[in-house]
Amino acid sequence: MKNIVVLISGSGSNLQALINAEAQGQLGGRIALVVSNRKAAYGLVRAAEANIPTLVRTLKEYKDSGKTREDYDRDLAAHIEATQAPDLIVLAGWMHILSPAFIDQFKGKIINLHPALPGELDGAHAIDRAYEEFKAGTRTRTGIMVHHVIPEVDKGEPILTKEIPCVAGDTLEMLEERIHAAEHQILPNAVRLVLQQGDEAL
Ligand code: GRF
């Protein structure tokens, strides 16, 4: 059974989609650990309710003891490797830019969900920025993607993408809801696809 580790920072609605897909035998692997960099992340509740082990590691702990982000990333990568030997790491709303200290540990085995199309709205607040451009009349659609993670933020090779229309009269909340509903479909599909590709690559 393939081991999946999911990294979150917030509500975890995409983690929930992965949990649901696993329960339906649609994920192609098991979620062995959920890691959060925030104690208050509701996704930790979702993991606990699904009896999935969780780990909370905050950057604050590191900074308070005079350590760096690289120390954080290196230690977290070493812990995940030692305890899970994961086949895949999924960034599902992980709001922390991972350094090469983490990425190099899991070459080619980290994927990220980002609420924009390749090369369009890299970085944080992508939905807000898409909405502003829609209101300004310079954008009629946006999209989402799951991509391989490399050191350049949101720049790795896309795995799956989907266009999301902006609709006249949309509020930001309506666009967000349309995007999140699509994310909950695309992420489990991307995980299953990458794990199948991993098998074929063997
Ligand atoms: C998602 O929109 C994801 O694309 C972005 O952060 C959000 C996480 O939402 N990176 P949730 O925590 O999975 O509900």
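Visitor: Where does the ligand sit?
Guide: In the largest pocket. Bear in mind that the model is predicted.

Visitor: Which residues surround the ligand?
Guide: Gly10, Ser11, Gly12, Ser13, Asn14, Gly93, Leu113, Pro115, His180 and Glu183.

Visitor: How many of the shell residues are polar, nonpolar or charged?
Guide: Seven are polar, two are nonpolar and one is charged.

Visitor: Which helices each supply at least two residues of that shell?
Guide: Helix 1, spanning 13-23, and helix 7, spanning 172-201.

Visitor: What is the distance from a ligand oxygen to the side chain of serine 13?
Guide: An N or O atom of the serine 13 side chain is 2.6 Å from an oxygen atom of the ligand.

Visitor: And for glutamate 183 and histidine 180?
Guide: For glutamate 183, a polar side-chain atom lies 2.5 Å from a ligand oxygen. For histidine 180, the distance from a side-chain N or O atom to an oxygen of the ligand is 3.4 Å.

Visitor: How much of the ligand's area does the protein bury?
Guide: The protein buries 85% of the 370 Å² that the ligand exposes when taken alone.

Visitor: Changing topic. How many salt bridges are there?
Guide: The structure holds nine. One of them pairs arginine 139 with glutamate 120, and their closest N and O atoms are 2.7 Å apart.

Key. Residues are numbered from 1 along each chain as its sequence is written. This is a predicted model: local features need pLDDT of at least 70, side-chain atom pairs count only at pLDDT 80 or more; totals for chains, interfaces and linings use all residues. Side-chain values use heavy atoms; hydrogens and water are left out. A residue is near a molecule or strand if one of its heavy atoms lies within 4 Å of it. A polar contact is a pair of N or O atoms within 3.5 Å; within protein, one must be able to donate a hydrogen and the other to accept it, and residues adjacent in sequence count only if both atoms are side-chain atoms. Accessible areas come from the Shrake-Rupley method with a 1.4 Å probe; for residues, only the protein chains shown count as cover. On a 1 Å grid over the protein atoms alone, a cavity is a set of points where a 1.4 Å probe fits but cannot get out, and a pocket is an open set with protein on both sides within 12 Å along at least five of seven lines; lining residues have an atom within 4 Å of a point. A molecule sits in a cavity or pocket if more than half of its atoms lie within 2 Å of its grid points. Helices (H or I, at least four residues) and strands (E, at least two) are DSSP runs, numbered from the N terminus. Ala, Val, Leu, Ile, Met, Phe, Trp, Tyr, Cys and Pro count as nonpolar, Asp, Glu, Lys and Arg as charged, and the others, Gly among them, as polar. A salt bridge is a side-chain nitrogen of Lys or Arg within 4 Å of a carboxyl oxygen of Asp or Glu.
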